[in-house]
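Here is a short report on one protein model.

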Amino acid sequence: MNLPSRSQARKQNVIAAPPKRHGGLAVLLSFLAVVSLLLAVGTGVARQRVFNADYLVTELDKTDAGKQLAIVANAELTNVVTDRGLPSTLAPQLVTTKAAQQDLDQSVRNLGAGTSQPISVSHIVAHAQSTLTTKLNQQSALLAEFGATSTLVKGLTNTLDTRLTNELNVTQVTAATQKIKTVHSTVNIIFWGATALTVILLAILLWLDHNVFRFAKQFGWITLSSGVIIFIGYFGVSAAGIIELVAVRAKVFGTAAAAVGNAVLNSYAVPSYILIGLGVVSLLLSLLGRRRKN
């Protein structure tokens, strides 16, 4: 019986030795990948929803915000008319929901663009001006007492413009106007930075293992963990009614604010499902690699 030489035995042991696994480093990189992926998804949804004026306007149009603003505008117009000594019957619900909705939508777009004065009441004022002109032209007695229609209407609508703008320009709007550009820029930086970091970390993990099936296992746990964390966060905030609690500060627009807030929150559901699905598929794929070894 011929025994292998010492050099041959050493060579066989080297060939048979399993590849080195960078266990601690792989765990650290995987943890960092989960964090960066969470940041990328979180800021990505914010970019597409919170900082997307078209989306916010679409969701806002589904609520009663326009109706509520019309009520506020009509109450203010009535005060303006009576303060001028005119009968309140001159301004019975002159401002329509459509005009109020147009101004509300424009205000949201202005806020998203970082305009220094985002509140828009131009449609409300224009509608009130047109309607008041028509009504006053039918009131010859009032015109004899208060003067020309154009002068009177201009005074009323200018006062309405000032009062309504001041009433709607609440502290939250002022604070948002000052911070919107900075926050938007920060979100963009975090999104692109986290996305690039996630790709780099995944590439390093693949390079360390040189094994597609082992990488599939790591990728599976990373995406599955991220998806579960996002789902827990989304479900927890929704179940706790946090959006509704915050929306109370919007007063008469609380219902609309809650509806838009919940619409944005629900946008996190789909990414969480996708990540969970990717995680499960990747883990199943890694099991196929283990079977092939056996």
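**Overall fold**

This is a predicted model. The protein has 13 helices and 0 strands. Read along the sequence, the pattern is α-α-α-α-α-α-α-α-α-α-α-α-α. The protein holds 294 residues, and 39% of them are buried. Among contacts with a separation of 6 or more, 79% join residues 24 or more positions apart. The accessible surface comes to about 17100 Å². Carbon and sulfur atoms account for 63% of that surface.

**The largest pocket**

Rolling a probe the size of a water molecule over the atoms shows where empty space is left. How much space lies in the largest pocket? The value is about 1700 Å³.

Its lining is made of 40 residues. Nearest the centre of the pocket lie Leu111, Gln172, Val173, Ala250 and Ala257. By type, the lining divides into 30 nonpolar, 6 polar and 4 charged residues.

Which helix gives the largest share of the lining? Helix α9 does, with 6 residues. At least two lining residues come from each of α3 (53-60), α4 (65-83), α5 (97-112), α8 (149-168), α9 (171-209), α11 (242-247) and α12 (254-266).

The table gives the relative accessibility of each residue.

| Residue | Relative accessibility | Class |
|---|---|---|
| Thr157 | 3% | buried |
| Leu205 | 1% | buried |
| Ile229 | 43% | partly exposed |
| Ser36 | 2% | buried |

Start with Ser36, in helix α2 (residues 23-48). Is Ser36 buried or exposed? Ser36 counts as buried because its relative accessible area is 2%, and buried means under 20%. The side chain of Ser36 reaches the backbone oxygen of Ala33 at 3.0 Å. Beyond its neighbours within four places in sequence, Ser36 is in contact with Ala194, Leu197, Thr198 and Leu201.

Thr157 is found in helix α8. The relative accessibility of Thr157 is 3%, so Thr157 counts as buried.

Leu205 lies in helix α9. That helix also gives the largest share of the pocket lining. Leu205 counts as buried because its relative accessibility is 1%. Not counting residues up to four places away in sequence, Leu205 touches Ala26, Leu29, Ser30, Phe215, Gln218 and Ile222. One of these, Ala26, is 179 residues from Leu205 in sequence. In space, the two are 6.5 Å apart, C-alpha to C-alpha.

Ile229 lies in helix α10 (residues 212-240). At 43% relative accessibility, Ile229 falls between the 20% and 50% cut-offs, so Ile229 counts as partly exposed. Which residues is Ile229 in contact with, leaving aside its neighbours within four places in sequence? They are Val34 and Leu38. Ile229 and Ile276 are 47 residues apart in sequence. Their C-alpha atoms are 9.8 Å apart in space.

**In brief**

The model is built from 13 helices. Its largest pocket has 30 nonpolar residues in the lining. Of the residues examined here, Ser36 is buried, Thr157 is buried, Leu205 is buried, and Ile229 is partly exposed.

Terms used:
Residues numbered from 1 in each chain as written. Predicted model: local features only at pLDDT ≥ 70, side-chain atom pairs only at ≥ 80, totals over all residues. Heavy atoms only, no water. 1 Å grid on protein atoms, 1.4 Å probe; cavity = no way out; pocket = protein on both sides within 12 Å on 5 of 7 lines; lining within 4 Å. Points joined across faces, edges and corners; volume = space filled by probe spheres on them. Helix = DSSP H or I, 4+ residues; strand = E, 2+ residues; numbered from the N terminus. Nonpolar A, V, L, I, M, F, W, Y, C, P; charged D, E, K, R; others polar. Buried < 20%, exposed > 50% of the residue type's maximum accessible area, 1.4 Å probe, protein only. Contact = heavy atoms within 4.5 Å. Areas by Shrake-Rupley, 256 points an atom, 1.4 Å probe, with all protein chains shown as cover. Polar contact = N/O pair within 3.5 Å; in protein donor to acceptor, adjacent residues only side chain to side chain.
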